[in-house]
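Hi everyone, thanks for making time. Let me put the model up, and then we can walk through one part of it together.

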Amino acid sequence: MTSSKDAAPDATAAAGDGFATRAIHAGQDPEPVTGAVTVPIFQTSTFAQRRVGEHTGYEYARTGNPTRTALETCLAALEGAERCVAFASGLAAEDAVFRLLSPGDHVIMADDVYGGTWRQVAQVHTRFGIEVSAVDLSDLDAVRAALTPTTRLIWAETPSNPLLKVLDLSALAALAHAHGARLVADNTFATPALQQPLTLGADLVVHSTTKYLGGHSDVVGGAVCTDHATAEQLAFLQNAVGAVPGPFDAWLTLRGVKTLEVRMARHSENAAQVAAFLAGHPAVSAVAYPGLTDHPGHALAARQMSAFGGMVSFRVAGGVEAATRVAESTRLFFLAESLGGVESLIEHPGIMTHASVAGTALEVPPDLVRLSVGIESVTDLLADLEAALAAGTTR
Ligand SMILES: Cc1ncc(COP(=O)(O)O)c(C=O)c1O
C-alpha cells in the first residue's frame, strides 16, 4: 500500500468542495516533472511535438498554454461552471460574448452598466448589426416590455458600476429563458466568493479579472464562465480572434485568486464601516452601498450575496466641484481608475471611468464619488475620508 506521502500528487482530486480550497487547489496540482507546488509560468510561444501532428495537448500558446489552463480550471471551479475561457481583458471577454451573436440580434443591457461595456456595444457591435436597449433591469416590467423576438441576451451587472444597483438574477434568468434569451451576469464586483450567478440561473458569467480576482492592481484580464458548448464557441473565438492573456498575466491572476475569499471578507467588513461613516456625515448627501438597510436592493442583496462587497459610492453635498476636491484630497485612497485591489482607491466616475457615457441615458450624477475600499486598517481609512471631506467641502 502506498502511503499518502508517496502517492502521485493529485491536489484537484483531494481538493474537496470548500470555496477557499478550490481557489487554492483547482487546476493547480503540483507540477509533475519537478513537484513545484505553484503552477509554473509557461513562458513559451510554442511546444515541441513528438512527431508530426503528435503533441502534448499544447501546440501554440495563443491556442493554449498550461498556465492559462490552470487559471481557467480554477475560475470554472469557483463559479460552478462547466468551463471558463480567459481573455486579455474584461472587455476582450465581453467582446467574445457579443461575437456569439449575429446581425439583427438584440441585447437588453442594464442602464447603468460599466461605461466601457456600453461603449463597446453601442460603438463597435452595433456597426455589425447588433441592436441594444438600455433598460432599468431592476424594473422587471420594463424588461418584459423591452424583450423582442430577436432578443438573445439580457446583460446584467450586479452590484452595478458605479451606482451599486442590485439586480434580481433569478428573476432575470426566468424572464430571459421564457423568451428564448440567455442571461449574462457581470460578476466583477461581487466575485464568486460572494455571489454565484450560475446557481441563480445565469447562463454566462463575465469577469474583469483585473479587479478582485487578480486583487493586487498588477494585471489586466478577463474571463467567461459557462457551459461546455458555449465555452467551445468562446474558445474558438479566443484562438481565432487572439485576445489571450499571457502566461505571466494568467499566473498573477491565479495567485490573486488563492486569497479571494479572505480578501472579500475583509473588503466587505471595511466597506460596511466606511458606508456607515459616510451615511452619518453632513457633507455627504447620499450613500450607495447594498449593505445599508435603506439601500433599495438591500433585501435582495442579502438573499443573493453572502456579503455586500467592497464598493461604495456617495454623493457630495456641494456638487461637482466639491466632489472633485474630495476625490483629490485623500492620502491613502489613491486617486485612480479601477477597483478591487488590496489598496483603497477613489475616483470621480463622471469625469474618469464613465466619461464615455456622458450625455447618454447612462450618465452618472456629477457629484458622485466612487470608492474601492481596500483591506488596510479601517480606522486609517475613516480618518483619511474624514480629512478629505473636510478639505473638499469647506473653503
Ligand atoms: C464591471 C466591469 N466590467 C467590465 C470591465 C472591463 O474590464 P477590463 O478593464 O479588464 O477590460 C470593468 C472595468 O472597469 C468593470 O468595472
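Before we start, a contact here means two residues whose C-beta atoms, placed from the backbone, lie within 7 Å. What you see is a predicted model: local features need pLDDT of at least 70, side-chain atom pairs count only at pLDDT 80 or more, and totals for chains, interfaces and linings use all residues. Residues are numbered from 1 along each chain as its sequence is written. Helices (H or I, at least four residues) and strands (E, at least two) are DSSP runs, numbered from the N terminus.

So, which residues of H13 meet H14? They are Ala322, Arg325, Val326 and Ser329, and on the H14 side we find Ala388, Leu389, Ala391, Gly392 and Thr393.

H13 (residues 319–329) and H14 (residues 378–393) pack at about 140°, axes 8 Å apart; axes are lines fitted to C-alpha atoms, for helices over the stretch in contact, and angles run from 0 to 180 degrees between N-to-C directions.

Now the sheet: it is open, with 5 strands in the order E8-E9-E12-E11-E10 and mixed pairing, where strands pair if DSSP finds at least two bridges between them. E8 (284–288) and E10 (334–335) are at the edges with a single partner strand each, so one side of each has no neighbour in the sheet. E10 pairs with E11 (residues 345–347) in the parallel sense over 2 bridges, and Phe334 has Leu345 in E11 as its bridge partner. H13 packs here too, touching E9, E10, E11 and E12.
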